[in-house]
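This report describes selected local features of one model. The sequence and coordinates are shown first.

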Amino acid sequence: MKTVGTKECLLSAGPSQRICTLEHGSELDILHASMSCVANSKNMGQNVVVLSPSAQKASQKMRLVCISDTHSRHDKMPPLPDGDVLVHAGDCTGSGTLAQLENFADWYGRQPHKKKVLIAGNHDYCFERDLAQSRQICESHGITYLVGETAIIDGIRFYGFPWQPIFRSMAFNADESKRRDLVAAIPDDIEVLVTHSPAFLIFDWVPFTGEHAGCHALAQRIDQLPKLKAHICGHIHEGYGFGIREFDSIKFANASICTERYEPSNKPIIIDID
């Protein structure tokens, strides 16, 4: 991998630091990741959906094809790469109407991947305003919609988390206190975490405002999940990228398809799960 440049940011304060590399296009993001221990939070109630568990050998891999922030421009995308599970990390619509969701779900459901996972984003108002009908649209197209829920797919546990730090008056806004309660409900045994917001300081940089817009509580909860293999997000279009954190091998992806100018030109990100 060719290194074009580096930039540094602090993931969390702590006395013991490790360096990990994250590939972001052709750049390297260097994160100073704290190794300080944080006590596990007690899990709250959880809703589990089991999808086609199989006798898949441990040596085999599950291929995830990850996209996010298509903003009703999915029809402008080239064909998606092959994989086992197609994951969309929110903002599938432009303005959150049921008609836009139906149009997206028709396209998403026709993709050849065995399973399709979807969470909502801040543009997807329909999932807040009319959850029952929105979920029915998804289910009618073979899409697993997750909102604070677990889905088990071929033995791998996925969790969907649509909430993000407050941004204007948009869907799934949550203040810091509420987000801390919500992330505490993420089960300890989750292996693939799908959120709309990035975690703080991981693919969350917004050049226009000069700030990291990710979620602090989410970053802390990720460090508490002993079985986590991948975190997939979107929301910050400028944060598009993929990387593997060295000290725990978690794979991170900001899979925003649309650029900051809402051009659907970023490529899907492929993640293989052991």
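## Basis

The model is predicted; local features need pLDDT of at least 70 and side-chain atom pairs count only at pLDDT 80 or more, while totals for chains, interfaces and linings use all residues. Residues are numbered from 1 along each chain as its sequence is written, and side-chain values use heavy atoms, with hydrogens and water left out.

Helices (H or I, at least four residues) and strands (E, at least two) are DSSP runs, numbered from the N terminus. Buried stands for under 20% relative accessible area, exposed for over 50%, and partly exposed for values in between (1.4 Å probe, protein chains only).

## Nonpolar core

A nonpolar core is a set of buried Ala, Val, Leu, Ile, Met, Phe, Trp, Tyr and Cys residues joined through side-chain atoms within 4.5 Å. The largest one has 49 residues, and L118, F127, I186 and L193 have the most contacts inside it. Two or more residues of this core come from each of β5 (62–67), α1, α2 (126–129), α3 (131–140), β8 (143–145), β10, α4 (176–184) and α5 (216–222). The largest share, 5 residues, is given by α1. In soluble globular proteins, nonpolar side chains tend to be buried together.

## Aromatic rings

Rings of Phe, Tyr and Trp (its six-membered ring) pair if their centres lie within 6.5 Å; planes under 30 degrees apart are stacked, over 60 edge-to-face, and the rest tilted. There are 6 aromatic pairs in the structure. One of them joins F104 and W107, a tilted pair with 5.8 Å centre to centre and 45 degrees between the planes.

F104 and W107 are separated by about one helical turn because they are 3 residues apart in helix α1 (residues 98–109). F104 is buried at a relative accessible area of 0%, and W107 is also buried, at 11%. Ring pairs link F104, W107 and Y108 into a cluster.

In strand β9 (residues 149–153), 5 of 5 residues are buried. Two strands pair if DSSP finds at least two bridges between them. β9 runs antiparallel to strand β10 (residues 156–161), and 5 bridges join the two; E149 has G160 as its bridge partner in β10. The hairpin of β9 and β10 has 2 residues between the strands, and D154 takes a positive phi near 50 degrees there.

Strand β16 (residues 230–233) is likewise covered on both faces, with A230 and I232 buried on one side and H231 and C233 buried on the other.

## Loop residues

Most residues other than glycine have a negative phi, and most peptide bonds are trans. H71, which is not a glycine, has a positive phi of about 50 degrees. H71 sits in the loop between β5 and β6 (85–88) and is buried at 7% relative accessible area. D91 also has a positive phi, near 60 degrees; this residue lies in the loop between β6 and α1 and is buried at 1% relative accessibility.

P112, in the loop between α1 and β7 (115–118), is exposed at 63% relative accessibility. P112 is 32 residues from L80 in sequence, with 9.0 Å between their C-alpha atoms. A199 lies in the loop between β13 and β14 (205–206) and is buried, with a relative accessible area of 1%. A199 and Q164 are 35 residues apart along the chain, and their C-alpha atoms are separated by 9.6 Å.

## Largest pocket

On a 1 Å grid over the protein atoms alone, a cavity is a set of points where a 1.4 Å probe fits but cannot get out; a pocket is an open set with protein on both sides within 12 Å along at least five of seven lines, and lining residues have an atom within 4 Å of a point. Grid points are joined across faces, edges and corners, and a volume is the space filled by probe spheres set on the points. The largest pocket holds about 540 Å³ of space. It is lined by 21 residues, of which F167, V206, H235, I236 and E238 are the closest to its centre.

The lining divides into 9 nonpolar, 6 polar and 6 charged residues. Here Ala, Val, Leu, Ile, Met, Phe, Trp, Tyr, Cys and Pro count as nonpolar, Asp, Glu, Lys and Arg as charged, and the others, Gly among them, as polar.
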